[in-house]
Amino acid sequence: MAAVDRNGATIVQREASLLLAAMKRGSRWTRPEQHQDPLVRSLSNLLDCLAEDKDLRELKVVLFLKPFCDIIQSDDTTGPITGNAISAVNKFFAYGLVDPSYPSASDGVECVSEAVTHARFVGTDPASDETVLMRILQVLHTVLFSSAGRLLANESVCEIVQSCFRICFELRLSALLRCYAESTLSHMVQLLFSQLPSFPKEGAGPTDATSVDQTLCCDGEDLMDSADMEGGDGAGVLGEESNKVKERGRTFHVSGGHHQAPPHATPHATPYGIPCVRELLRFLISILNTNERHTSEPLVLICLNLVSVALECGCPHVCLVPSLCLLVQDGLCRHLFSLLRHESLEVFSRALFNCTLLFTHCRAHLKMQLEVFLCALEDILSSDVKLSCKELVLECLIQMFQVPHLLAELYVNFDCQLFSGNLLEDLVKCLSKNVFSEAPSIPHLSLQALLTCMRQIEGGCGHAQATPPVHCLSSAGEKEEEEQERLLPWTGPENESISVLRQTKKTVRAATELFNKHPSKCVGLLQERGLLSSPLEPLQVASWLHANPALSKAALGEYIGSAKNHQILLEYVRKFHLSGTDLVTALRLFLEAFRLPGESPIISRILETFSQHWLECNRDGLGKAFANMDAVFVLCYSIIMLNVDLHSSRVKKSMTMEEYVYNQRKTNNDQDFPASLLMDIYNCIKREEIIMPDEHAGIVRENYVWKMLIRRSKSPGN
């Protein structure tokens with residue numbers, strides 16, 4: 001490399017001379033005034049500078065890269081000329097002529113990134129044009145992987161990745177070029193996610209995350225729309241534009257067409273880090289969301305493969321970064337679970353593989369998601385689906401059962417938790433039934449899974465270290481309420497503790513079933529078994545009602561609405577943490593927890609209690625707009641009526657915003673509410689209905705169930 005450094009000026013001089021000679025052979029530069037052309041003049045000036053025997057290490061990097069970048073971005077150069085300039089830049093980075101220690105190295109790297117991601121050239125023939133696009137992919141890969149590539153800003157990395165995506169998704173291009181683009185993307189994803197441990201922690205220093213948020217994902221809509229997802233010609237990304245057509249052919253461009261000033265014209269941004277990784281992961285997740293748009297199977301498979309690379313290289317560090325962990329917990333898990341219902345076996349297998357990766361390495365952060373995943377696998381084994389799908393599920397379970405201590409963790413965190421299902425027990429029962437299946441290969445795989453399970457249990461015997469905490473129905477839960485629900489590590493509980501936990505759970509499940517049929521009789525059973533004190537403490541009952549997700553919402557509403565249970569209602573309402581929460585959001589959270597009874601006195605009693613609690617939580621903040629508790633109560637009632645008016649199919653003519661604002665006049669202790677508050681309430685309810693999920697099906701119910709899962713994952717352990 002030292003020899004290359006000494007010959008750096010010669011290498012640049014040779015590439016500039018070859019490029020200048022190629023340009024002069026073109027029709028544009030054969031005219032007498034060709035010496036006045038800015039592209040020719042910049043190359044000539046560079047040659048004059050290099051002729052003075054200057055050491056390349058003494059020159060500013062941007063000085064010898066700028067002429068090549070100008071040619072790459074020019075609208076008037078042909079594909080071969082642009083390709084030669086790109087090849088020259090690729091050689092400079094591959095030979096190490098752009099070193100991070102050189103003067104203005106960061107400006108030079110940004111200049112190249114800006115030029116290549118906004119490359120333009122006049123098309124000639126498809127084969128020649130694709131050659132240029134392949135060279136673009138090569139130089140983007142070389143720049144990002146070079147030592148100087150670490151100087152790139154987050155936004156520049158996002159634009160590099162976006163350019164590769166555009167070529168990969170362009171269906172008019174050859175399969176070979178698109179496969180090469182996918183391979184390039186795979187290498188880039190591998191590089192970015194493998195560097196997660198070395199990136200500065202979030203909030204540890206300045207970032208340009210604000211601009212990144214508008215780079216990859218905001219352009220993602222246009223990026224995916226640009227290709228015909230049904231397999232059409234896909235014109236739009238690299239296709240013909242009316243204002244770019246030249247007599248000699250078409251003008252091609254790699255970026256979305258939004259050209260900005262070169263980065264070196266402004267102060268250099270912070271080197272890339274977690275923000276660009278976050279936006280890349282967010283973009284991949286958005287493509288996997290098949291509910292929002294029709295996405296073709298090949299496109300989904302590409303993104304599933306890239307997610308696999310990200311997880312293989314980034315786990316478990318992905319979930320150690322808060323913003324990435326949130327994306328994994330919510331969007332990634334949800335869309336992967338949705339793809340487990342996909343009709344394509346290949347999509348199903350890739351989604352299943354990614355789920356296995358996640359829960360093998362990051363399950364400590366995905367407790368509720370793990371429960372949903374294993375329940376989904378159990379449903380697949382119990383339903384009438386393709387034999388190949390069942391085989392893949394059984395192979396997945398065999399692989400997961402081999403993870404050290406996983407079975408013990410499942411038992412402690414689910415089977416021994418009061419308000420969770422008997423996950424491990426139900427899985428073993430399901431596998432036992434499949435041992436007697438008539439389908440070929442299923443009995444063998446089911447038996448193998450059971451034997452793997454038994455070996456892991458046998459291997460864990462005799463390693464007891466500590467006893468996990470027994471969750472009792474007590475009113476002292478302040479510390480637990482501050483902790484996010486996470487998977488407890490296996491610590492080898494003692495047999496006595498397990499027996500107590502299991503017996504308590506049986507009692508709780510029996511009490512839950514009794515409550516759903518006869519709410520008033522449930523409390524007596526819990527007192528008889530010693531799980532509730534006698535005389536009864538309202539806070540104990542409220543804690544049990546609030547923590548138990550298996551309770552019937554209708555029975556719960558009936559119970560807390562009863563006049564004799566008013567103290568329990570007070571304590572139940574106080575279990576909702578509403579500080580800093582606007583009234584519509586707070587009311588939505590409250591009414592989604594139970595079914596509001598139909599009797600007017602009961603509704604008034606419940607809403608009065610809620611209004612008083614919300615005002616107490618927000619008296620020094622959002623509550624300043626309300627004169628008293630009665631004003632909050634009246635507005636809550638009006639929100640419920642507005643929700644019915646805007647979303648009920650029985651209402652032929654819905655209320656307008658002006659009518660709603662007019663109807664609320666003089667209801668704030670003979671004063672008017674701020675108009676902006678009422679308009680925000682109207683828009684919020686119009687945009688999203690306050691629903692009772694038990695009365696809905698399809699995507700509405702799925703959205704609610706997932707929202708509840710995410711909320712539970714952030715709530716105290718059950």
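Are Arg278 and Glu279 buried or exposed? Arg278 is buried, and so is Glu279; buried means under 20% relative accessible area, exposed over 50%, and partly exposed in between, with a 1.4 Å probe and protein chains only. This is a predicted model, where local features need pLDDT of at least 70, side-chain atom pairs count only at pLDDT 80 or more, and totals for chains, interfaces and linings use all residues. Residues are numbered from 1 along each chain as its sequence is written, and side-chain values use heavy atoms, with hydrogens and water left out.

**Salt bridges**

- The whole structure holds 14 salt bridges, each a side-chain nitrogen of Lys or Arg within 4 Å of a carboxyl oxygen of Asp or Glu.
- Arg278 and Glu279 form one of them, at 3.1 Å from N to O.
- Glu279 also bridges to Arg282, at 3.2 Å from N to O.
- Glu279 and Arg282 lie three residues apart in helix 12 (residues 274-288), about one turn of the helix. Helices here are DSSP runs (H or I, at least four residues), as strands are (E, at least two), numbered from the N terminus.
- Glu279 has 1% relative accessibility, so it counts as buried. Arg282, at 33%, is partly exposed.
- Shared partners join Glu202, Arg278, Glu279 and Arg282 into one network of salt bridges.
- Elsewhere, Asp70 forms a salt bridge with Lys66, with the closest N and O atoms 2.8 Å apart.
- Asp70 and Lys66 are four residues apart in helix 4 (residues 61-73), so about one helical turn separates them.
- Asp70 is partly exposed at 23% relative accessibility. Lys66 is partly exposed at 30%.

**Helix 32 and what covers it**

- Helix 32 (residues 699-713) has 15 residues. Its first and last C-alpha atoms are 21 Å apart, close to the 21 Å expected at 1.5 Å a residue; the expected span is 1.5 Å times one less than the number of residues.
- Its buried residues are Tyr704, Trp706, Met708, Leu709, Ile710 and Ser713.
- Their cover includes helix 14 (322-339), helix 16 (367-382) and helix 25 (553-561).

**Aromatic rings**

- Rings of Phe, Tyr and Trp (its six-membered ring) pair if their centres lie within 6.5 Å; planes under 30 degrees apart count as stacked, over 60 as edge-to-face and the rest as tilted. The count comes to 20 aromatic pairs.
- Phe337 and Phe373 are stacked because their ring centres are 6.1 Å apart and their planes are at 20°.
- This pair links distant parts of the chain: Phe337 in helix 14 and Phe373 in helix 16, 36 residues apart.
- Phe337 and Phe373 are both buried.
- Phe337 also pairs edge-to-face with Trp706, at 5.9 Å centre to centre and 75° between the planes.
- That pair connects helix 14 with helix 32, across 369 residues.
- Trp706 is buried at 9% relative accessibility.
- Ring pairs also link Tyr572, Phe576, Phe590, Phe594 and Phe610 into a cluster.

**Charges over rings**

- Arg150 lies over the face of Tyr272, 4.4 Å from the ring centre. The criterion is NZ of Lys or CZ of Arg within 6 Å of the ring centre and within 35 degrees of the ring normal.
- Arg665 places its charged end over the ring of Tyr662, 3.8 Å from the centre.

**A buried loop residue**

- Gln664 is in the loop between helix 30 (657-663) and helix 31 (675-687).
- Gln664 counts as buried, at 7% relative accessibility.
- Beyond its neighbours within four places in sequence, Gln664 is in contact with Leu635, Ser638, Phe673 and Leu678; contact means heavy atoms within 4.5 Å.
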